[in-house]
Amino acid sequence: MMPQVCARCQRTTSQPVVVAIEYGASVGGGTVFACPDCAPTYPKQRDPFDPVSPPGQHS
Ligand SMILES: [Zn+2]
């Protein structure tokens, strides 16, 4: 998996955890990542999308 910036501490993590899927955003995707340290503290959201399988993985 590609390194991602943690949405909480703004640090790059090589083990990003998907904590939320935002949809309706005009730019970029809507996947919110957090580092393993921050993930447990991130407020969980209920979304129609399964957080385990980010959109765009299938073609
Ligand atoms: Zn973090």
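This is a predicted model: local features need pLDDT of at least 70, side-chain atom pairs count only at pLDDT 80 or more; totals for chains, interfaces and linings use all residues.
Local features rest on pLDDT of at least 70 and side-chain atom pairs on pLDDT 80 or more, while totals for chains, interfaces and linings use all residues. Residues are numbered from 1 along each chain as its sequence is written.

The chain holds 4 strands and 0 helices, in the order β-β-β-β from the N terminus. Both element types are DSSP runs numbered from the N terminus: helices are H or I of at least four residues, and strands are E of at least two.

Of the 59 residues in the chain, 12% are buried. A residue is buried if 20 or more other C-beta atoms, placed from the backbone, lie within 10 Å of its own, exposed if 12 or fewer do, and partly exposed in between.

The largest nonpolar core has 5 residues: Cys6, Val19, Phe33, Ala34 and Cys35. Such a core is a set of buried Ala, Val, Leu, Ile, Met, Phe, Trp, Tyr and Cys residues joined through C-beta atoms within 7 Å. Leaving aside residues up to four places away in sequence, Val19 touches Ala7, Val32, Phe33, Ala34, Ala39 and Tyr42; a contact requires C-beta atoms, placed from the backbone, within 7 Å.

Gln10 lies in the loop between strand S1 (4-5) and strand S2 (12-13). Gln10 is exposed because 9 other C-beta atoms lie within 10 Å. Asp37 follows strand S4 (31-34) and counts as partly exposed, because it has 14 C-beta neighbours inside 10 Å.

| Residue pair | Separation in sequence | C-alpha distance |
|---|---|---|
| Gln10 and Cys35 | 25 residues | 9.1 Å |
| Asp37 and Pro16 | 21 residues | 9.9 Å |

Notes:
Two residues are in contact if their C-beta atoms, placed from the backbone, lie within 7 Å.
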